[in-house]
Amino acid sequence: QVQLVESGGGSVQAGGSLRLSCAASGYTASIYCMAWFRQAPGNEREGVARMFTGSGTTYYADSVKGRFTISQENTKNTLYLQMNSLKPEDTAIYYCAAKRAIAPYVCYSAPATDFDYWGQGTQVTVSS
């Protein structure tokens, strides 16, 4: 089993920044794909950023490219999402997720329903 715990959400004005953290514990050796998803009220869960941890390959949704950066700190089993130039439309609950993946394309293409492990979510609110 793998446990994921997010932190770092909050409220910020448009143009501001936040950094989300996701601490992973348990049998993390089997995890090769970690991702950040978000879900706003009335919307489907959307993949924001993903990382194939074996190679560090990253993928981003078009809506956040150039503004968000996903990274990992292996010694702490922690995944980060640095969010800059935040917009009101970034307001959502952000979730950390993980799954086993044998290749980068598996990580890139997997829908939310394919992810095995999820954190509890952290609220991000961006005001205009």
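Trainee: Are D90 and R67 buried or exposed?

Mentor: Both D90 and R67 are buried. That label means under 20% relative accessible area, whereas exposed means over 50% and partly exposed lies in between, using a 1.4 Å probe and protein chains only. Before we go on, note that this is a predicted model: local features need pLDDT of at least 70, side-chain atom pairs count only at pLDDT 80 or more, and totals for chains, interfaces and linings use all residues. Residues are numbered from 1 along each chain as its sequence is written, and side-chain values use heavy atoms, without hydrogens or water.

Trainee: Why is the pair of D90 and R67 called a salt bridge?

Mentor: Check the distance. The closest N and O atoms of D90 and R67 are 2.8 Å apart. A salt bridge is a side-chain nitrogen of Lys or Arg within 4 Å of a carboxyl oxygen of Asp or Glu, so the pair qualifies. D90 sits in the loop between β8 and β9, and R67 in the loop between β6 (57-60) and β7, so they tie together parts 23 residues apart in sequence. Strands are DSSP runs of E, at least two residues; helices are runs of H or I, at least four; both are numbered from the N terminus.

Trainee: Which residues are linked with D90 and R67 in a network of salt bridges?

Mentor: R38 and E46 join D90 and R67 in that network. The whole structure holds five salt bridges.

Trainee: How do you know that R100 and D116 form a salt bridge?

Mentor: Their N-to-O distance is 3.8 Å. The limit is 4 Å, so the pair counts. R100 lies in the loop between β9 and α1, and D116 in the loop between α1 and β10 (117-118), so this bridge ties together parts 16 residues apart.

Trainee: What makes R100 count as partly exposed?

Mentor: Its relative accessibility is 39%. K65 and D62 are exposed, and their side chains meet in a salt bridge at 3.2 Å, N to O.

Trainee: Why does R50 have no salt bridge?

Mentor: The nearest side chain of opposite charge, D114, is 8.1 Å away. Lys and Arg count as positive, Asp and Glu as negative; His and the chain ends are left out. The limit is 4 Å, so there is no bridge for R50. Yet R50 is buried. It lies in strand β5 (residues 46-52).

Trainee: What does the side chain of R50 reach?

Mentor: The side chain of R50 reaches the backbone oxygen of C107 at 2.8 Å. The backbone oxygen of A110 lies 2.6 Å from one of its polar atoms. A polar contact is a pair of N or O atoms within 3.5 Å; within protein, one must be able to donate a hydrogen and the other to accept it, and residues adjacent in sequence count only if both atoms are side-chain atoms.

Trainee: How do you know that C22 and C96 form a disulfide?

Mentor: Their sulfur atoms are 2.1 Å apart. A disulfide is a pair of cysteine sulfur atoms within 2.5 Å, so they pass. C22 lies in strand β3 and C96 in strand β9, so the pair ties together parts 74 residues apart. C22 has a relative accessible area of 0%. That is under the cut-off, so C22 is buried.

Trainee: What makes the disulfide of C22 and C96 left-handed or right-handed?

Mentor: The torsion about the S-S bond. For C22 and C96 the torsion is about -75°, so the disulfide is left-handed. For C33 and C107 it is about 70°, so that disulfide is right-handed. C33 is in strand β4 and C107 in helix α1 (residues 104-109), 74 residues apart. The structure holds two disulfides.

Trainee: How many residues are in the largest nonpolar core?

Mentor: There are 29 residues in that core. L4, M34 and W36 are among those with the most contacts inside it. A second, separate core has eleven residues, including F52 and C107. A nonpolar core is a set of buried Ala, Val, Leu, Ile, Met, Phe, Trp, Tyr and Cys residues joined through side-chain atoms within 4.5 Å.
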